[in-house]
Structure formats: C-alpha cells, structure tokens
Amino acid sequence: MKLRMLVLGVVIAGVCGCSGSGGDPSPADNSKDRQEILTHWAENIIIPSYDNFDVKFDIMISKSVEFTDLPTNESLAAFRSAWVDAYAEWQKVELFEFGPADRYTVRNFFNIYPADVAGIAANIADPLANLELPSSYSRQGFPALDYLINGVSADDDGIVAYYTTGEDAAESLAYLKKLTDRMNMLITNVITEWNGSYKDTFISSTGLDIGSSMGIVVNAYVLNYERYVRSGKFGIPAGIVGGVSGTAYPDKVEAYYKKDISKLLAATAQGATFGFFNGVDVSTGTDGPSFKSYLDALGAKDSATGTLLSEIINDQFTTINSKLGLLSENFYQEVQTNNQAMKDVYTEMQKAVRLLKVDMTSAMSITITYTDNDGD
C-alpha cells in the first residue's frame, strides 16, 4: 500500500517554513523540534523501557540462580515463569538496536532462533567455547534458555533429572549460568551507557544525515519491524520468507519449546512498534513527540484523499492487531493447522513495512541504509 503522492506542508504557528540545506523538509527551527523528539524518546521511552526490562531480567537471573543451586520442579517452574516475563519484556526493547545496543550487537546474543541444539551441546561439552562468535548466536540468549528449561526432556521431572542425575548435569548447569551471566553483562553495558554520556550524544545529534540520531532510529525501527517482527515471527514460520515457498516451518517459531507464548511475544513486539510510532510515554501511557507528530508537522498526506500519512499508518497497525488477535497462543500449531491466518498477518505487516520504509522515510528525507531482499 503506497501513497499515490506525499504532500508535504509545513506550518508552524500559521507560518510556512522553508526547507533547510540539503533538502531538509523540517519545520522552521527544525533542530529544536527534532531535539524535543529525541529527548522524549531517550527520557520517556528508551531508558524507562530498558529499566523495566532490567527489573524483569534481574528476577529471571535470581530464579536461575535458585534453580542452578538446587534443581527441583519448584525452582524450575519459578525460573521458567521469570524467563517468560523477561522474554516478553525484551520484545519492548529489541527495537532499540542502535547506539549501545548496536555496538554490543545485543539482539544477536539475546534472540536469534531457532536455537542450535547441537551447538548448545557442543558448548556444554567445551567450557572454553567462545560465545562471541557469530556461529554462537543461536546457542545463547532467550532461545537457548528456552531449550535448556523447556526442551531437554518431555516433562518437568525429566528436565530436573537432566540437571541432577544426567551425564552432563554439572556442565549443563554451568552453561546455564554462563548464558545468564553473559546476558547480564551485555544488558548492563547498554543501560549504563544510556544513563551515561550516550543520552546527551543521542539528543544532541539533531540532523537528518545517515549518522544522525533520527537517521539511525528510523533505520533500526524499520529494520526491526521488517526483518525480526514481520519475517522472523510470521514470514519464516509460515513459509513466505526463505525456505521452500508454500512450506510451513513450525520448528522456526519463536519460543519453539515453550510453544504457548509465541503469540504473547509477537503481540508484545507489535504493541511496542505501534507505541513507539506514536511516542507513547512508558510511564504515563500518553502520546508524545514521535514519528507521528513529526510527520504531521511536515503535513505528509495522501494527495488523493488528504488523509494524513500518520493516520494511514496507525490504521494499518490497527488492522494488524485485529488479524493478530485471531491467532491462537501457539504459533507452532497455527502454522500447521491455520497457516493462512499467519499469512494474513504477514500480508498486513508487509503493507505497514512499505508505509514505514518508503512513504515515511520519503516524507522525512531519511535514507534507508540497510538492505533486505524482499522487493521493497
């Protein structure tokens, strides 16, 4: 769904602003306007979102320690519950893969799936296994924990036995601790930098060039939605992206071993994407400076209908939410028994990708710097 033509009208206090050098379409005093957006993002969305994730993650770490100290059915259930909460909260910060998160490539170490079971076994057998290599991405993070606390046996008794009487019980417990320690180190680095000098660096970079904060946020936001929400959670398992066309891949769903949370994770990621577009303050739940407000200030509209681009995008997000709501909690079953519904969500998400990647970036004069082989 592409707008026939974007109409850009810039009106501030009834005065038309002129474009700056380099084709900058921003309103008059544009640097101040973008700084307001960047400040709101940093102080009211990004940092609070990381803080909220850190709370859930710390609980998961605590429960993981209780489990590794004494593996029982009770400590396993508590660890698993905290893992679900932290994994869901992760969906709200995964879209911030820029700045510190990009520097530490946190997503690669936190949420590349499906888990490499053979690789995990090899790493358990080798205490010196290097977790920094690209080949190790799918051997750690939330997907690896999914396998280790949900998939090593068919039931909880078997999982506990794996860690108590199994041949590699001690090594497996040590690997669990190694994974959670590494995740903790990485996310601590990211949060520390955001609460340190990076926040001011981020807010002060008010241009529209490739290296500007607005430029990197737009690219990270659209990339995350296109590649990791649309394709990762829907297109790949449904057999639309990659693999053999028309063949569903239920083994590639997110949280494959805890199958009944796949919709929770996808819906949370979709909600975070929707909320960030509208600048929803994490603490108050109210809209603030955002992509939406910026597009509205630019007067970006469909020339045929006069409808604001931001309204078209929000309507599309609403349509996606409606389609997503029709799915069952278990995407592993869904792609096998109701795959058309998964494809329907993907189709609507693809429309949103085009609106964001083509129409929004065009209106904002932002260059997309990543590539994706999907024809957009």
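Hi everyone, let's start with Lys 263, which is buried at a relative accessible area of 13%; buried means under 20%, exposed over 50% and partly exposed in between, with a 1.4 Å probe and protein chains only. Before going on, please keep in mind that this is a predicted model, where local features need pLDDT of at least 70, side-chain atom pairs count only at pLDDT 80 or more, and totals for chains, interfaces and linings use all residues. Residues are numbered from 1 along each chain as its sequence is written, and side-chain values use heavy atoms, with hydrogens and water left out.

Back to our lysine. Lys 263 belongs to helix α11 (residues 262-277); helices are DSSP runs of H or I with at least four residues, strands are E runs of at least two, and both are numbered from the N terminus.

Now the rings. There are 35 aromatic pairs in the structure; rings of Phe, Tyr and Trp (its six-membered ring) pair if their centres lie within 6.5 Å, and planes under 30 degrees apart count as stacked, over 60 as edge-to-face and the rest as tilted. One of them is edge-to-face: Phe 53 with Phe 142, 6.4 Å centre to centre and 75° between the planes. Phe 53 lies in helix α1 (residues 30-69) and Phe 142 in helix α6 (residues 141-151), so this pair ties together parts 89 residues apart in sequence. Phe 53 is buried at 0%, and Phe 142 is buried at 0% relative accessibility.

Finally, the backbone. Most residues other than glycine have a negative phi, and most peptide bonds are trans. Where is Ala 255 found? Ala 255 is in the loop between α10 (213-235) and α11, with a positive phi of about 55° although it is not a glycine, and it is buried at 4% relative accessibility. Ser 365, in the segment after α15 (339-364), has a positive phi of about 55° too, but Ser 365 is partly exposed at 32%. Last one: a cis peptide bond joins Tyr 113 and Pro 114, with omega about 5°, and Pro 114 is in the loop between α4 (106-110) and α5 (117-125).
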